[in-house]
Amino acid sequence: MRYFIVQGKIKNQDKMNDSIMKEHMAYSQKAMDNGLILMSGLKSDISGGVFIMKAESIEKVEIYLSNEPLKVNDIQDYSILEFSPHYFNQSPNEWFNK
């Protein structure tokens with residue numbers, strides 16, 4: 001398996017609406033439920049989002065992103081950084097809740 005940090009950058013906020021945001025949230029949740037996304041969140045300056053993904057290839061990530069509602073509606077662009085995790089916290093829930 002390969003691991004990726006994906007950063008979204010909003011390029012056209014004016015196109016955003018509740019319907020597209022709901023599509024985006026449902027699409028992201030489905031990917032989490034299927035194990036593609038570990039976590040996601042909004043950047044603190046609200047200029048886009050960040051998420052951590054695992055996939056067999058970068059092509060799988062690119063396919064996911066090509067169908068992402070914010071990308072499809074020309075609201076957000078994405079950059080992908082592949083990384084190799086060596087160390088990790090055994091209990092992420094506790095780590096985030098402290």
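Is lysine 11 buried, partly exposed or exposed? I found lysine 11 to be partly exposed, because its relative accessibility is 45%; buried means under 20% relative accessible area, exposed over 50%, and partly exposed in between, with a 1.4 Å probe and protein chains only.

I note that this is a predicted model, in which local features need pLDDT of at least 70 and side-chain atom pairs count only at pLDDT 80 or more, while totals for chains, interfaces and linings use all residues. Residues are numbered from 1 along each chain as its sequence is written, and side-chain values use heavy atoms, with hydrogens and water left out.

**Entry: salt bridges**

I looked up salt bridges (a side-chain nitrogen of Lys or Arg within 4 Å of a carboxyl oxygen of Asp or Glu). The count comes to 5. One of them joins lysine 11 to aspartate 74 at 2.6 Å, N to O. This pair links distant parts of the chain, 63 residues apart: lysine 11 is in the loop between strand 1 (2-10) and helix 1 (18-33), and aspartate 74 is in the loop between helix 3 (69-72) and strand 4 (76-83). Helices (H or I, at least four residues) and strands (E, at least two) are DSSP runs, numbered from the N terminus.

Lysine 11 also meets aspartate 77, at 3.5 Å, N to O. Aspartate 77 lies in strand 4, so this pair ties together parts that are 66 residues apart in sequence.

I then found a salt bridge between aspartate 77 and lysine 71 at 3.2 Å, N to O. Shared partners join Lys11, Lys15, Lys71, Asp74 and Asp77 into one network of salt bridges. I also recorded relative accessible areas of 32% for aspartate 74, 29% for aspartate 77 and 35% for lysine 71.

**Entry: pockets**

I searched a 1 Å grid over the protein atoms alone for pockets (open sets of points where a 1.4 Å probe fits, with protein on both sides within 12 Å along at least five of seven lines); lining residues have an atom within 4 Å of a point.

The largest pocket has a volume of about 480 Å³, the space filled by probe spheres set on grid points joined across faces, edges and corners. Of its 17 lining residues, Leu38, Met39, Ile52, Phe88 and Pro92 are the closest to its centre.

The second largest pocket has a volume of about 330 Å³. Among its 19 lining residues, those closest to the centre are Met21, His24, Leu42, Gly49 and Leu70. Helix 1 gives the largest share of this lining, 6 residues.
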